[in-house]
Amino acid sequence: MTDLTITGGEVLLPSGPARVDLSVKDGRIAGLHAPGSAPAAPETLDATGLTALPGIVDIHFHVRAPAYPERGTVASETRAAAAGGVTTLFEMPISKPCCATPEIFEDRRAHFAENAVVDFGLYAAPGDLTEATRDRFLEQGAIAFKIFTTPAPAGRGDEFDGLAFPEEDDQFRALKVLAGTGRPVVVHAESAALLAHFETMARNTLDPASGYSHNLSRPAVCESTAVAKLLAMNITAGAKLHIAHVTSAETVAVLRAFRGTSDFTAETCPQYLFATEADVDRAGIYAKVNPPIRTQADQDALWEAIADGTITHVTTDHAPFAKAEKQASEGSFFTAPPGSPGIETMLPAMLDAVSAGRLSLKQAHDLICANGAALYGLAPRKGSLLPGADADIALVDLAGETEVRLGGLVSHARDVAHLWDGRRFRGRVARTLLAGRTVWDGHQVTGREGGGRFVTP
């Protein structure tokens, strides 16, 4: 006897949507069955009118816990993940102090294990760039490594110590020491020197309250230059390089130019695919993110890059901040903290793109789940609903609607979601299951804190 059957709906398989029933046993997919032929189970879910997707794997997520609980906690933000159909997320190493030593990594793992509602992996910062530290992180199960090519923000040195490497020789050393690990090396790529140049110029000439000022203080050339240098260095270094949150047509051109020169991949985010700087100007400092949201032409270039395979991942870069922190910089994009909640809106936004005919359902899912599971060594356990895979499932209503309103999200940062306020997406997360157990019933989070498991390649 199995534990659960899901009947009456469609299931997204690697070949595409199919009308089959699912059976679940011991938290894993036990079988795929012709409609009405699944074995008996003590629990049955009627999924008529719904489509079962493998639970989303978000490879770029921030909560910074246990520091800054006013921004959100592991419990609050993984509850939000469950509401968004995300069953596995990878937490970035910006913590206080930075997750750049094995001891801090172990503390964070224990904290997440006690509080996470969904499964989680942890990034490490390469710290002192020694092989000994690298090997300890590998033994501990770090899902990947992360570096910034920018300096630590003012007043946040301890959060970026061992993570921020603005000098090119250190960037090369990081790529070199992490090459051969099999783990992605994810890079926030902006040129430190160009950022300093353009911010000084912008502060002297632009209205700090304008949403356009942020884009002009961190123009696309800062990103494209840093990416070009990293890709050139990686020809020699040979790391498994992954470029985070690509925002611009210029950077897309760079990625295409270096195609085939080394092992690299790239991602973008819904804020760059579904918003422009005009939306930022409307929403104000609450919509400030780094790198900035850019022009319609840049957005069009990102969709073209997805279409031709230059960009193969879409991630949330979920980064909650407290409303008081944002309000303290009202009227100044130069001083406002960068970050916006996105863990609940990514899947509805991508389903909206499917409804609009921009992507097939399989393409959308590959971008936000299957490709990430494969790149980070979690396939076939994650990213599919084939027998043996984890029974992590997002049941979605493709004909439903998700309307985003301030205060209406599960995230603790629900009051700073101005970027998406009033947006309506065609597609709705009707239920989320983790290991065969409902953690979101379409109205409230039902998963327990501590129910999420630590995942490693």
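Reply: What follows starts with the salt bridges and then moves to the sheet, the backbone and the pockets.

This is a predicted model, in which local features need pLDDT of at least 70, side-chain atom pairs count only at pLDDT 80 or more, and totals for chains, interfaces and linings use all residues. Residues are numbered from 1 along each chain as its sequence is written, and side-chain values use heavy atoms, with hydrogens and water left out.

The structure holds 25 salt bridges. A salt bridge here is a side-chain nitrogen of Lys or Arg within 4 Å of a carboxyl oxygen of Asp or Glu. Elements are DSSP runs numbered from the N terminus: helices are H or I with at least four residues, strands are E with at least two.

Take Asp 119 and Lys 382. Their closest N and O atoms are 2.6 Å apart. This pair links distant parts of the chain, 263 residues apart. Asp 119 sits in strand β10 (residues 119-124). Lys 382 sits in the loop between α15 (361-375) and β16 (393-403). Asp 119 and Lys 382 are both buried. Buried means under 20% relative accessible area, exposed means over 50%, and partly exposed lies in between (1.4 Å probe, protein chains only).

Next, Asp 390 and Arg 453. Their side chains meet in a salt bridge at 3.7 Å, N to O. The two residues are 63 apart in the chain. Asp 390 lies in the loop between α15 and β16, while Arg 453 lies in the segment after β18 (437-440). Asp 390 is buried because its relative accessible area is 2%. Arg 453 is at 28%, so it counts as partly exposed.

These pairs belong to one network. Salt bridges that share partners join Arg 28, Asp 119, Arg 381, Lys 382, Asp 390, Asp 392 and Arg 453.

Another salt bridge joins Glu 168 and Lys 229, with the closest N and O atoms 2.5 Å apart. It links helix α5 (residues 168-178), which holds Glu 168, to helix α8 (residues 220-237), which holds Lys 229. The separation is 61 residues. Glu 168 has 38% relative accessibility, so it is partly exposed. Lys 229 is also partly exposed, because its relative accessible area is 38%.

Now the sheet, which includes β10. Eight strands form an open sheet in the order β8-β9-β10-β11-β12-β13-β14-β15, and the pairing is parallel. β8 (56-61) and β15 (313-314) stand at the edges with a single partner strand each, so one side of each has no neighbour in the sheet. Two strands pair if DSSP finds at least two bridges between them. β8 and β9 (residues 86-91) pair over four bridges. Val 57 stands opposite Thr 88 in β9.

Most residues other than glycine have a negative phi, and most peptide bonds are trans. A cis peptide bond joins Ala 65 and Pro 66, with omega about 10°. Pro 66 is in the loop between β8 and α1 (74-83). Tyr 68 lies in the loop between β8 and α1. Its phi is near 55°, a positive value. Tyr 68 is buried because its relative accessible area is 18%. The bond from Lys 96 to Pro 97 is cis too, with omega near 5°. Pro 97 is found in the loop between β9 and α2 (102-115).

Last, the pockets. On a 1 Å grid over the protein atoms alone, a pocket is an open set of points where a 1.4 Å probe fits, with protein on both sides within 12 Å along at least five of seven lines; lining residues have an atom within 4 Å of a point. Points are joined across faces, edges and corners, and a volume is the space filled by probe spheres set on them.

The largest pocket has about 860 Å³ of space. It is lined by 37 residues, with Pro 153, Arg 156, Arg 218, Asn 290 and Pro 338 nearest its centre. Helix α6 gives the largest share of this lining, four residues.

The second largest pocket has about 320 Å³. Of its 18 lining residues, Leu 434, Ala 435, Arg 437, Arg 448 and Gly 451 are closest to the centre. β18 gives the largest share of that lining, three residues.
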